Amino acid sequence: MLVFAHRGASGNYPENTLSAIQAALQANVDGVELDVQSCADDYAIVHDTWLDRTTNGSGKVNQTQLKELQALDAGNGEFIPNLQQALDAIGQQTMINLELKHTFGLDQFVACIEQNVQQGTFHREQLLVSSFDHHQLVWLKQKLPWVKIGALTASIPLHYAEFAQRLHAYSIHIDKNFINHQFVDDAKQRGLKVFAYTVDKQQDIEDMRALGVDGIFSNFPCHAKMILSRS
Ligand code: G3P
Ligand code: MG
């Protein structure tokens, strides 16, 4: 079972920061998951929706200018990285799961991805882009047909994994509290990977494995990998 570092190794380091990314890489994770959105002046930023919980600022990232964001402390003196800084930190080392946090004009995002692939910052195969906004994923797939799509859900849809197949997704990323055998089996029959979030406790890790889940997102990826390696 694959282990993705949820917002980097965010259990021990400020989430979505370069130190959380570096700690995840040191833990030899299979992938790093990061939240991505655009700020008020349209730069791609790595952060969750609100600033209040994670920084000394307040309000929403998408309503805040880059200059203000750059002045904030994201914990332990860390700054809020932009997408380029995060991609440079990961490089070719592991899978990169970018979760698009809210609807925004994706042109800049697409240009950034294409440029980095061309320059060899990372390989196409490493990238997996996910979102709860499935319309955004359809649009992205039209622009970048090669990109792997992860369809996020916090529910068991009526027709199980059919929605993700219609999106031509590579994977479904589902809340661990909703996952069940029928859903996993249906997804597998449709050729889709199933990744569960956010899985930290030993019992939950073991339950996900028993269900046949392909990967988990964990705030404590080092601990998760240790549990998986010894059982
Ligand atoms: O991408 C998996 C998970 O991160 C989705 O939700 O709120 O933890 O970003 P959230
Ligand atoms: Mg996320």
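The radius of gyration used here is taken over C-alpha atoms, and the globule rule is 2.2 Å times the number of residues to the power 0.38.

**Figure 1. The whole chain, before we zoom in.** This is a predicted model, in which local features need pLDDT of at least 70, side-chain atom pairs count only at pLDDT 80 or more, and totals for chains, interfaces and linings use all residues. Residues are numbered from 1 along each chain as its sequence is written, while chains are lettered from A and ligands numbered from 1 in the order in which they are written. For 231 residues, a compact globule would have a radius of gyration near 17 Å, and the chain agrees because its own value is 17 Å. The C-alpha trace spans about 50 × 40 × 35 Å along its principal axes. You will find nine helices and nine strands; helices (H or I, at least four residues) and strands (E, at least two) are DSSP runs, numbered from the N terminus. Of the 231 residues, 42% count as buried. A residue is buried if 20 or more other C-beta atoms lie within 10 Å of its own, exposed if 12 or fewer, and partly exposed in between, with C-beta atoms placed from the backbone. Among contacts with a separation of 6 or more, 56% come from residues 24 or more positions apart; two residues are in contact if their C-beta atoms, placed from the backbone, lie within 7 Å. The UniProt record, an unreviewed entry, places the feature "domain: GP-PDE" at residues 1-228. UniProt positions are given in the numbering used here, feature names are shortened, and annotations may be inferred rather than shown by experiment. The end C-alpha atoms of residues 1-228 lie 8 Å apart, and the span is 34% helix and 21% strand.

**Figure 2. The residues around ligand 1.** Ligand 1 is surrounded by H6, E33, D35, E99, S130, L152, H173, Y197, T198 and F217. Each of these has its C-beta atom, placed from the backbone, within 6 Å of the ligand. By class, this shell has three nonpolar, four polar and three charged residues. Here Ala, Val, Leu, Ile, Met, Phe, Trp, Tyr, Cys and Pro count as nonpolar, Asp, Glu, Lys and Arg as charged, and the others, Gly among them, as polar. T198 sits in the loop between β8 (193-197) and α8 (202-211).

**Figure 3. Two loop residues with positive phi.** As a reminder, most residues other than glycine have a negative phi, and most peptide bonds are trans. R7 is not a glycine, yet its phi is positive at about 60 degrees. Look for R7 in the loop between β1 (2-6) and α1 (18-26). R7 counts as buried because 27 other C-beta atoms lie within 10 Å. H168, also not a glycine, has a positive phi of about 60 degrees and belongs to the loop between α6 (162-166) and β7 (171-175). With 13 C-beta neighbours inside 10 Å, H168 counts as partly exposed.

Figure 4. In α7 (residues 181-189), the buried residues are F183, V184, D186 and A187. They cover an arc of only 165 degrees around the axis, so they lie on the same side of α7; the arc is that of the directions from the helix axis to the C-beta atoms. H181, Q182 and Q189 are exposed on the other side. The cover over the buried residues of α7 includes β7, β8 and α8. Just after the helix, G191 takes a positive phi of about 80 degrees.

**Figure 5. Helix α9 and its residue A224.** P221, A224 and K225 are buried in α9. Their arc around the axis is only 95 degrees, which puts them on the same side of α9. The buried residues of α9 pack against β1, α1, α8 and β9 (215-218). A224 itself lies in this helix, which runs over residues 221-230, and has 28 other C-beta atoms within 10 Å. Not counting residues up to four places away in sequence, A224 touches V3, I205, I216 and S218.
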